[in-house]
Amino acid sequence: MLRFDPNLRWMYTELPMLDRYRAAARAGFRGVEVAFPYEYSARQIADLLGENGLRLVQVLTPCDWAAGERGIAALPGREDDFRRSVDVAVAYAVQVGKPMIHAMAGNVPAGTDRARCRETFLRNLEYAAPLLAGEGLTLILEPCCRARFADYFYSRIDEGVALIEALGQPNVKLCFDTFHVQMEEGNLTNTLRAAWPHIGHVQIGNAPGRHQPGPGEIHFPFFFSQLEQLGWDRWVGCEFEPTGPTDDCLEWGEPYGIRRPA
């Protein structure tokens, strides 16, 4: 059976952040994703996870999201900042159950040579991957659609695959996000199968509104059946904006033990 975890940056936003963990557990989730948990101590988050029977599935390397940054891993001149962000993420991750770490590439500044950005990205990943591997951690890469991030470094699944193959590091994996893939290139099933050997995480969000399964153009029962046929045994991250209070938007999850609490 597929295992789902909510991204607490998108879901249960009607609650304060620390209350979202308990709400997720009450709905039947056994894992959560938190993009930037760093405002709270690792010990506090580890205790909160333990109290609610949860696993922290994924975090991001720190960046100044509020200032518009969407990662810095592919930005020339920010190499030292990126290395510091990786050091912070790794030190935090080993204290909270060793979640996957997503290194966002960043928005390419106008006039910047994309070939230089690619070289920077690869060099930064060559630093990060062995560091994570030494702690038993997985490094995640995720192309993001241009409809969401117009200037993001990469947007297609095959671009992510090419980077992973160029690196040749077994702990560097791809995140397949249905919203980004559908918005950028469509053909979800064939794209999933083509990239399958490199996929380390799956996230779901419907298109075009990035809402829960149901309101949108993706037929998720079919997509879930494809994951099951392929033998997916890892987490499926719920990275979508509910159309109402989160607990009211969980009907799709009932076959998987996710439901509105009584």
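A total of 19 aromatic pairs is present in the structure, which is a predicted model. A pair of aromatic rings is described by the distance of the centres and the angle of the planes. F149 and Y152 provide one example: their ring centres lie 5.9 Å apart, with 45 degrees between the planes, and the pair is classed as tilted. F149 has a relative accessibility of 14% and therefore counts as buried, the limit being under 20%. Y152, at 3% relative accessibility, likewise counts as buried.

A second pair is made by F240 and W252, whose planes stand at 85 degrees with the centres 6.1 Å apart; because angles over 60 degrees count as edge-to-face, the pair falls in that class. F240 lies in the segment after strand 8 (235–238), and W252 is also placed in the segment after strand 8, so the contact ties together parts that are twelve residues apart in sequence. Both residues, F240 and W252, are buried. The two rings also belong to one aromatic cluster, which is formed by F4, F176, F220, F223, F224, F240, W252 and Y256.

Tryptophan rings also take part in contacts with arginine side chains. The charged end of R3 is positioned over the ring of W235, at 4.3 Å from the ring centre. R70 lies over the face of W65, and here the distance to the ring centre is 3.7 Å.

With regard to the overall chain, the UniProt record, an unreviewed entry, assigns the feature "domain: Xylose isomerase-like TIM barrel" to residues 22–251.

Helix 4 (residues 114–133) and helix 5 (residues 157–167) have axes that come within 11 Å and cross at roughly 50 degrees. That angle makes helix 4 oblique to helix 5. The crossing of helix 4 with helix 5 is right-handed. In the other pair, the axes of helix 7 (residues 188–195) and helix 8 (residues 220–230) come within 11 Å and cross at roughly 20 degrees. Because angles under 35 degrees count as roughly parallel, helix 7 is roughly parallel to helix 8. Helix 7 and helix 8 also cross in the right-handed sense.

Individual positions were further considered through C-alpha separations. L54 is situated in the loop between helix 2 (42–51) and strand 3 (55–60). Its relative accessibility of 11% means that L54 counts as buried. Between L54 and P76, which are 22 residues apart along the chain, the C-alpha atoms are separated by 37 Å.

T178 is located in helix 6 (residues 178–184). With a relative accessibility of 0%, T178 counts as buried. T178 and F223 are 45 residues apart along the chain, and their C-alpha atoms are separated by 9.3 Å. F223 is in turn one of the residues of the aromatic cluster, which includes F240 and W252.

Definitions and conventions
Residues are numbered from 1 along each chain as its sequence is written. This is a predicted model: local features need pLDDT of at least 70, side-chain atom pairs count only at pLDDT 80 or more; totals for chains, interfaces and linings use all residues. Side-chain values use heavy atoms; hydrogens and water are left out. Rings of Phe, Tyr and Trp (its six-membered ring) pair if their centres lie within 6.5 Å; planes under 30 degrees apart count as stacked, over 60 as edge-to-face and the rest as tilted. Buried means under 20% relative accessible area, exposed over 50%, partly exposed in between (1.4 Å probe, protein chains only). Helices (H or I, at least four residues) and strands (E, at least two) are DSSP runs, numbered from the N terminus. A charge sits over a ring if NZ of Lys or CZ of Arg is within 6 Å of the ring centre and within 35 degrees of the ring normal. UniProt positions are given in the numbering used here, feature names are shortened, and annotations may be inferred rather than shown by experiment. Axes are lines fitted to C-alpha atoms, for helices over the stretch in contact, and angles run from 0 to 180 degrees between N-to-C directions. Angles under 35 degrees count as roughly parallel, over 145 as roughly antiparallel, 65 to 115 as roughly perpendicular and the rest as oblique. A crossing is left-handed if the near helix is turned anticlockwise from the far one by less than a right angle, and right-handed if clockwise.
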